[in-house]
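User: I am new to reading protein models. Could you take me through the features one at a time, with the general idea and then the case at hand?

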Amino acid sequence: MSNEIRPAIQDTRERILATGECLILGKGFSAMGLSELLSAAAVPKGSFYHYFASKEAFGVALLERYFRDYQQKTALLFDAQDISAKQKLMLYFDQWRSLADVPGCNKLCLGVKLAAEVSDLSDAMRQALSTGMALHCDQIAAVIRDAIQEGSIAPVSDPAELASFLYGSWIGASILAKVRQDAGALHAAHRQTMQALFGIAL
């Protein structure tokens with residue numbers, strides 16, 4: 001295993017998680033063997049079981065780490081005081097679309113990568129995905145409510161439902177982009193989102 005995949009991280013648990021994320025983004029959860037992970041992370045087998053009871057427990061911890069980091073990064077944008085709620089929403093979806101223009105974009109989102117793969121294989125990992133996605137939808141819904149209050153988007157009966165719909169649309173578009181190896185679905189999701197939220201025809 002090439003040393004290029006090994007993050008320079010001193011904390012053993014974090015190094016195992018970071019290395020595992022790199023491997024899984026490349027080949028998937030099921031295809032990654034523990035021996036491969038331990039070799040890439042340069043840790044003994046006993047270290048893995050000190051932190052994780054099983055490969056499934058490792059997968060749960062990996063997803064919890066991913067969504068925690070993702071929500072913290074999103075909060076930096078959504079909690080900004082110097083831009084409007086409309087600008088926050090536009091920037092959020094602009095940033096998601098911009099991933100479509102990055103080489104290897106199909107490897108950038110662990111949630112998308114694992115949603116279809118593990119939901120039927122591990123209920124614990126499915127629950128971690130469900131919880132992480134729901135919390136992120138809550139973040140989007142809060143900004144939609146702020147945008148309604150500031151008058152930059154039309155009132156809707158259920159901002160939480162709209163947030164869930166938009167997030168689901170983008171997850172679906174991300175999966176299509178992976179299958180087709182083409183960014184068109186993400187660009188279409190961006191156009192439809194701008195139309196639905198702001199009446200902007202792109």
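User: Is Arg-126 buried, partly exposed or exposed?

Analyst: This is a predicted model, and the values below are computed from it. Arg-126 has 30% relative accessibility, so it counts as partly exposed.

User: Which residue forms a salt bridge with Arg-126?

Analyst: The partner is Asp-123, and the closest N and O atoms of the pair are 2.8 Å apart. Asp-123 is partly exposed too, with a relative accessible area of 48%.

User: Why can these two side chains be compared along one helix?

Analyst: The general idea comes first. An α-helix has 3.6 residues a turn, so residues three or four places apart point the same way. Asp-123 and Arg-126 are three residues apart in helix α7, so about one helical turn separates them.

User: How do I read the length of helix α1?

Analyst: Compare its end-to-end span with the span expected at 1.5 Å a residue. Helix α1 covers residues 12–27, which is 16 residues, and reaches 22 Å from its first C-alpha to its last, close to the expected 22 Å. After α1 comes Gly-28, which has a positive phi near 100°.

User: Which elements do the buried residues of α1 pack against?

Analyst: They pack against α2, α3, α4 (55–78) and α6 (110–118). The buried residues of α1 include Ile-16, Leu-17, Leu-23, Ile-24 and Leu-25. Arg-15 and Glu-21 are also among the buried residues of α1.

User: What is the span of α9, and what follows that helix?

Analyst: α9 has 15 residues and reaches 21 Å from its first C-alpha to its last, close to the 21 Å expected at 1.5 Å a residue. Gly-199 follows α9, and its phi is positive, near 65°. Among the buried residues of α9 are Met-194 and Phe-198. The buried residues of α9 pack against α5 (85–98) and α8.

User: How do α8 and α9 cross?

Analyst: Two packed helices are described by the angle between their axes and the distance between the axes. The axes of α8 and α9 come within 8 Å and cross at roughly 160°. An angle over 145 degrees counts as roughly antiparallel, and so α8 is roughly antiparallel to α9. The crossing of α8 past α9 is right-handed.

User: Which residues meet where α8 and α9 are in contact?

Analyst: On the α8 side they include Leu-162, Leu-166, Trp-170 and Leu-176. On the α9 side they include Leu-186, His-190, Thr-193 and Leu-197.

User: Which residues other than glycine have a positive phi?

Analyst: Two cases can be taken in turn. Ala-42 has a positive phi of about 60° although it is not a glycine. Ala-42 sits in the loop between α2 (34–41) and α3 (45–51), and is partly exposed with a relative accessible area of 44%. Gln-181, which is not a glycine either, has a positive phi near 55°. Gln-181 lies in the loop between α8 (159–180) and α9 (184–198), and counts as exposed at 72% relative accessibility.

User: Finally, is His-136 buried or exposed, and which residues does His-136 touch?

Analyst: His-136 is buried, with a relative accessible area of 0%. His-136 is part of helix α7, residues 123–150. Leaving aside residues up to four places away in sequence, His-136 touches Tyr-70, Gln-71, Thr-74, Tyr-92 and Tyr-167.

Key
Residues numbered from 1 in each chain as written. Predicted model: local features only at pLDDT ≥ 70, side-chain atom pairs only at ≥ 80, totals over all residues. Heavy atoms only, no water. Helix = DSSP H or I, 4+ residues; strand = E, 2+ residues; numbered from the N terminus. Buried < 20%, exposed > 50% of the residue type's maximum accessible area, 1.4 Å probe, protein only. Contact = heavy atoms within 4.5 Å. Expected span 1.5 Å × (residues − 1). Salt bridge = Lys/Arg side-chain N within 4 Å of Asp/Glu carboxyl O. Axes fitted to C-alpha atoms, helices over the stretch in contact; angles between N-to-C directions. Parallel < 35°, antiparallel > 145°, perpendicular 65-115°, else oblique. Left-handed = near helix turned anticlockwise from the far one by under 90°.
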